[in-house]
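Dear colleague,

Please find below the sequence and the structure that I am handing over to you. My notes on what was found follow directly after them.

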Amino acid sequence: MKLAVDATALRLEREPYYHPVHGEVELFEAAWRNRVPVLLKGPTGCGKTRFVEYMAWRLGRPLVTVSCHDDLTAADLAGRYLVTAGETVWVDGPMTRAVRLGAILYLDEIVEARKDTTVVIHPLADDRRALFLEKRGEVVHAPPEFMLAISYNPGYQSVLKELKQSTRQRFVAMEFDYPAAEAEAAIVARESGVDGATAQALVRLAHMTRNLKGNGLDEGASTRLLVHAGKLIAQGVAPRTACEAAVALALSDEREMLAALHELVSTVF
């Protein structure tokens, strides 16, 4: 016995807000139509996940998202047998569920998963488009509508956390970055509810922090953090307080860097 899957609960009912930048929508659609898996790479909080959500809505496909981590096993992705009420039941993992439904499967931060786990996606990412469930002796073939998308942040790569060539060369790659200042301000205003001038000030602050990348900061303020700060400001929190909570303290714990970030906040607001 196996548990049934339901596509209805995995469909996005409302259109997620996404601001296209440079042809990524058309490229993703072309890849989906041609059954080519996609690799999204870019800094944290730049809109990769939102983009996948938007494309799932646009294409009318269910979306299954997995946030990868060090303890993620192949069984976590594919599925396992469980004993329920004295009966042994096969429970599909998110990857198997996505394949059966013809969904978009999005593996976020794929380099965080264990090396032996990422290998299980290889048959899905080449011409076979199949998932091998060894414990069930079953081969699940992906329908035409299924698509595999993975993402990672190149800025966090290291010798120990690197996407293997045998994996990455199965994908079409799409590079993401923070939008241009005007577009980013429009996104922050739309998502947080602040006025245009405040959104522009938040973007100026972000650019200042991004200039510190590699000079005390691993990453500058993401668009996501700006939206968080904007939401606090829209609720009546003083801009400096909002930025210190949502930007400065979120970026660093080091005293000297926090002092520098607080100075930047005071300069902008």
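In helix α8, Leu202, Leu205 and Thr209 meet Cys243, Val247 and Leu251 of helix α10, where a contact is a pair of heavy atoms within 4.5 Å. The residues of this contact of α8 with α10 comprise 5 nonpolar, 1 polar and no charged. For this division, Ala, Val, Leu, Ile, Met, Phe, Trp, Tyr, Cys and Pro are nonpolar, Asp, Glu, Lys and Arg are charged, and the others, Gly among them, are polar.

Please note that this is a predicted model, in which local features need pLDDT of at least 70 and side-chain atom pairs count only at pLDDT 80 or more, while totals for chains, interfaces and linings use all residues. Residues are numbered from 1 along each chain as its sequence is written, and side-chain values use heavy atoms, with hydrogens and water left out.

Helix α8 covers residues 196–210 and helix α10 residues 239–251; they pack at an angle of about 15°, with their axes 12 Å apart. That makes α8 roughly parallel to α10. Axes here are lines fitted to C-alpha atoms, for helices over the stretch in contact, and angles run from 0 to 180 degrees between N-to-C directions. Angles under 35 degrees count as roughly parallel, over 145 as roughly antiparallel, 65 to 115 as roughly perpendicular and the rest as oblique. Helices (H or I, at least four residues) and strands (E, at least two) are DSSP runs, numbered from the N terminus.

Helix α8 also packs against helix α9 (residues 223–234), at an angle of about 140° and with the axes 10 Å apart. The helices α8 and α9 are therefore oblique to each other. On the α8 side, Thr198, Leu202, Val203, Ala206 and Arg210 take part, and they meet Thr223, Leu226, Ala229, Gly230 and Ile233 of α9. The residues of this contact of α8 with α9 divide into 6 nonpolar, 3 polar and 1 charged.

Buried means under 20% relative accessible area, exposed over 50%, and partly exposed in between (1.4 Å probe, protein chains only).

Two residues deserve a separate note. Most residues other than glycine have a negative phi. Ala85, in the loop between β3 (79–84) and β4 (87–92), has a positive phi near 55°. Glu109, in the loop between β5 and α5 (115–118), has a positive phi of about 55° although it is not a glycine. Ala85 counts as exposed, at 83% relative accessibility, whereas Glu109 is buried, with a relative accessible area of 18%.

Finally, some totals. The protein chain has 11 helices and 9 strands. Of its 269 residues, 47% count as buried.

With kind regards
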